[in-house]
Structure formats: structure tokens, C-alpha cells
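Q: Could you take a look at this one with me? I have a few quick things to ask.

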Amino acid sequence: MNCAVCGKGLTFNELGLNVKYHPGEERLCADCLAVRLNVPRARLDEKIEEFRRAGCKLFAGE
Amino acid sequence: MIKNTPPMGWNTWNTFAKDINEALILQSAEALVSTGLRAAGYEYVVIDDCWALRERDRNGRLVPDPEKFPHGMKYVADAVHAMGLKLGMYSCCGAMTCAEYPGSLNREYTDARTFARWGVDFLKYDYCFKPAGLEGKSLYRRMGLALANSGRDILFSGCSWGSDDTHLWIGTTGANMWRSTPDIFDSFESVKDLIKRQYDILPYGGIGCFNDMDMLVVGMHGKGNVGLTGCTDDEYRLHFAAWCLLASPLMIGCDVRAMDGETKRTLTNRELIAISQDARGNRPYMMKFWDNADLPVIVRALANGDVALGFFNMTEGNANFWVSADDLGVPCFSGKRLEGKEVYTGEEARFVNGVVQSEVRPHSCAVYRLHVVNAR
């Protein structure tokens with residue numbers, strides 16, 4: 001699956017970010033999602049780690 | 001359970017997720033009382049996911065995690081009730097809850113009786129791990145009937161995120177409120193998105209089964225499970241006002257033990273809560289100012305003949321809103337006019353030649369409670 005904005009291939013964790021923050025048919029990579037949400041990219045990386053440590057199966061270790 | 005006003009309370013998920021225990025619940029319940037939130041109407045203390053053991057007992061019953069809830073759930077319910085509050089809990093229509101604890105699939109009647117025995121007053125019912133071959137409406141009807149026959153009056157809070165055309169069937173399930181949106185997170189983009197999703201589904205909510213726009217993020221300031229960027233105080237005020245005018249349940253999601261003054265002021269705004277809890281339960285309607293979905297105008301007729309009017313500026317610049325009194329139900333030459341105050345600032349609504357105008361900052365709102373009076 002590819003980012004609907006830039007075409008980059010999506011990682012498992014980027015799919016998880018979409019489930020959490022951008023549900024719907026359009027899927028975005030983390031960079032484009034950060035722009036869409038008006039959030040620093042680093043904050044999304046922090047949230048991935050937070051969710052992963054909490055046991056959320058939408059995110060895997062990298 | 002017949003619910004004629006949007007339920008109000010507090011829920012653990014937005015801030016605490018899995019980090020819940022008996023002490024947190026009871027401290028939060030005490031905080032609801034000591035801060036005046038209970039007096040303002042917030043009555044449900046809802047324990048969301050992650051309260052149970054990972055497996056049922058040998059009788060197939062759900063078991064509260066004894067490390068988190070050493071005295072069991074009836075103890076918690078009794079303590080919450082003693083404070084004049086009601087206890088809410090959580091399950092899911094699928095094989096597992098969203099955090100992979102046991103779901104209520106095929107155990108609806110067992111679990112409803114369990115909740116009733118404990119003294120639970122509210123059940124949030126999620127939609128994760130639903131078998132693809134089973135329809136959500138059937139599963140929700142099962143739990144609705146199970147709760148109605150459990151021996152206790154338990155509010156049924158459907159949480160299917162609007163999936164599978166929830167709006168078309170939720171009214172048949174016995175649910176008293178229904179999640180009409182994806183999950184909220186603590187950012188203005190999320191608040192804005194959830195408001196805009198209401199344009200097409202307002203007709204499906206109202207007395208008996210309220211459109212649930214998800215739990216409030218007011219006061220979270222970027223912290224906690226659904227914390228992201230946080231919002232400004234203006235944005236939180238816009239968020240709360242929209243939820244009140246749109247008759248969404250009001251479930252606080254921040255840590256009520258540690259609210260700042262502005263958060264408490266927003267969450268206890270008497271005018272907005274009165275609009276939210278209006279006895280008539282009239283459905284609101286939304287108009288897009290200049291056909292712009294980021295500039296919603298929300299209107300709601302109230303029980304005593306007043307009208308609530310909200311201008312919501314979700315754009316990046318100032319906006320000059322106006323609405324004709326005619327659009328609100330007070331035509332020219334009716335011998336009537338409208339007057340009233342803004343709910344946050346107390347400023348008088350400015351009507352000129354039958355038109356009310358308001359300049360609203362970006363990411364902010366102006367909400368008025370207007371009274372119909374004789375024209376001078």
C-alpha cells in the first residue's frame with residue numbers, strides 16, 4: 001500500500017498510525033500524516049513507541 | 001433505561017488507558033465531587049478497557065484484575081454510589097476488547113448479569129474483533145436485550161465508531177447513545193474533523209439515543225493516551241461548546257484530580273450545560289456559513305422558548321458571522337426580536353436590523369442563548 005499523497009510505500013507502523021489518527025480509505029505515510037494533522041513528525045514517532053510499549057498490536061518494533 | 005438528556009460523566013481511556021486501578025477510580029470519583037463537577041451534572045464514572053483478567057473464570061465469567069481492583073468491582077460500585085455517582089464499565093461485542101481482554105461475544109447474557117450483580121449503571125460496548133461474518137446490529141441487539149433483562153437499569157453506550165451504517169440500526173438495539181465518529185485525539189484537527197462529521201448524521205440522534213462524538217479532550221494539553229498536540233484554551237472552549245450544542249454526551253477525558261482553572265471553568269459552564277441538558281431535547285441543526293464546512297453555525301431550539309446559536313470559526317483567520325433572526329424563527333414584522341448573551345464572555349448579542357453579527361477569532365466560537373422578546 002502506498003501513501004495517497006507522495007506515493008511512498010507504507011510500513012506496518014504507518015498503517016497503524018492511520019488506524020489511530022486517519023481512519024478512512026485514504027492512507028498516508030508518517031510525513032504526510034504529520035502535515036495533515038499539523039503535528040511534528042517526531043510526535044508521531046513518540047506515539048508509535050508509546051502505543052507499542054503499552055502493548056498495542058497496531059505497532060511493531062523496528 | 002430511558003435517557004432524555006445526553007449522559008455526562010468521566011471516562012478513564014483518554015488519559016489512562018491500561019494504567020487504571022481502584023485507587024484511581026475512587027480518587028477520580030472524589031475529585032468529581034470536590035471540584036463541583038458532580039454538582040454540574042457529571043454523574044457517571046466509567047472504567048474503560050483493561051480492567052479484567054485476560055481470561056474468564058472456570059464458569060465463563062469476567063473477572064476484575066485483582067492487582068488493579070483488589071476489592072472487586074462491587075466494592076468499587078458501592079463506593080462510587082456512596083458518593084452520589086454512578087459506575088460505568090466497558091466490554092466489546094467481539095471475541096476480545098480493543099486491548100485484547102475478553103469480549104462479550106456469545107456471553108452477552110452472562111456478562112450483563114455480572115455487571116448487574118456488581119451494581120454497574122452504564123456499559124460502554126466497543127466494536128473490536130467483531131467476526132466479519134456476524135452483523136454488528138445483531139450483536140448490539142443481543143447486548144441491548146441482555147442488559148434490559150439483567151435485573152438492573154444499565155445505560156447502553158454503543159461504540160461502533162459509526163461503522164457499518166450504525167446510524168441506520170442503532171436505534172433498534174436499545175442503545176442510549178452511539179459513537180457516530182472515529183476515535184478522538186487531543187488536537188484541534190481531530191475536534192474539527194468530528195464536528196464536520198455531524199453535518200450528515202444529526203437527524204439520526206436525539207432523545208433516547210444520542211450522537212456520541214467521543215469523550216472530551218478538554219484539559220488534556222497533549223498528555224495521556226490520546227494526547228497529541230494538545231489544544232489552546234480557545235480550542236477547548238470551541239470543542240466543549242460544539243459538543244453541548246450538538247447534544248453529544250459529555251464524558252470528561254482529562255485527569256480530573258489535576259485540572260487547571262480554565263479547564264474547570266470550561267467544563268462547568270452553566271449556560272452550555274443547560275443547553276446540552278435541555279429538557280425538550282430538540283435536535284440541533286447546522287448551517288455552513290458561506291457554504292464553508294469549517295464555519296459551522298449551529299442552532300438549537302430550547303424548552304423554554306429560547307434559541308441557542310453558535311458561530312464556530314474552524315479556519316485560520318478571523319471570520320465575520322451573521323445570521324438573520326428570520327433564519328432562527330423570528331421573522332421581520334412578527335412583533336418579536338431576539339436578545340441574549342454570549343455564554344463564555346457575557347457579551348450581549350448584537351442585532352442590527354434583524355441580523356445578529358459576530359466577529360470570531362480563528363479556532364474560537366461565539367455561542368449565545370437568545371430569548372424571544374417583544375420588539376420595541
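**Contacts, domains and a helix**

Q: How many residues of chain B are in contact with chain A?
A: This is a predicted model, and in it 8 residues of chain B are in contact with 8 residues of chain A.

Q: And what classes do the residues on the chain B side fall into?
A: On the side of chain B that touches chain A there are 4 nonpolar residues, together with 2 polar and 2 charged ones.

Q: Switching to chain B by itself, which domains does the assignment give?
A: The domain assignment of chain B gives domain 1, covering 8-276, and domain 2, covering 285-374. The contact takes 20 residues from domain 1 of chain B and 19 residues from domain 2 of chain B.

Q: Which elements give two or more residues to the domain 1 side of that?
A: On the side of domain 1 of chain B that touches domain 2 of chain B, those elements are α8 (188-196), α9 (233-245) and α11 (270-276) of chain B. Of the elements on that side, α9(B) gives the most, with 7 residues. By class, this side of domain 1 of chain B has 11 nonpolar, 6 charged and 3 polar residues.

Q: Now chain A: why is helix α1 described as largely enclosed?
A: Helix α1 (residues 12-21) of chain A is largely enclosed by the rest of the structure because 7 of its 10 residues are buried. The buried residues are Asn13(A), Glu14(A), Gly16(A), Leu17(A), Asn18(A), Lys20(A) and Tyr21(A).

Q: What do the buried residues of α1(A) pack against?
A: They pack against α2 (30-37) and α3 (41-53) of chain A.

How values were computed: Residues numbered from 1 in each chain as written. Chains lettered and ligands numbered in written order. Predicted model: local features only at pLDDT ≥ 70, side-chain atom pairs only at ≥ 80, totals over all residues. Contact = placed C-beta atoms within 7 Å. Nonpolar A, V, L, I, M, F, W, Y, C, P; charged D, E, K, R; others polar. Domains from an automatic or database assignment. Helix = DSSP H or I, 4+ residues; strand = E, 2+ residues; numbered from the N terminus. Buried ≥ 20, exposed ≤ 12 C-beta atoms within 10 Å, placed from the backbone.
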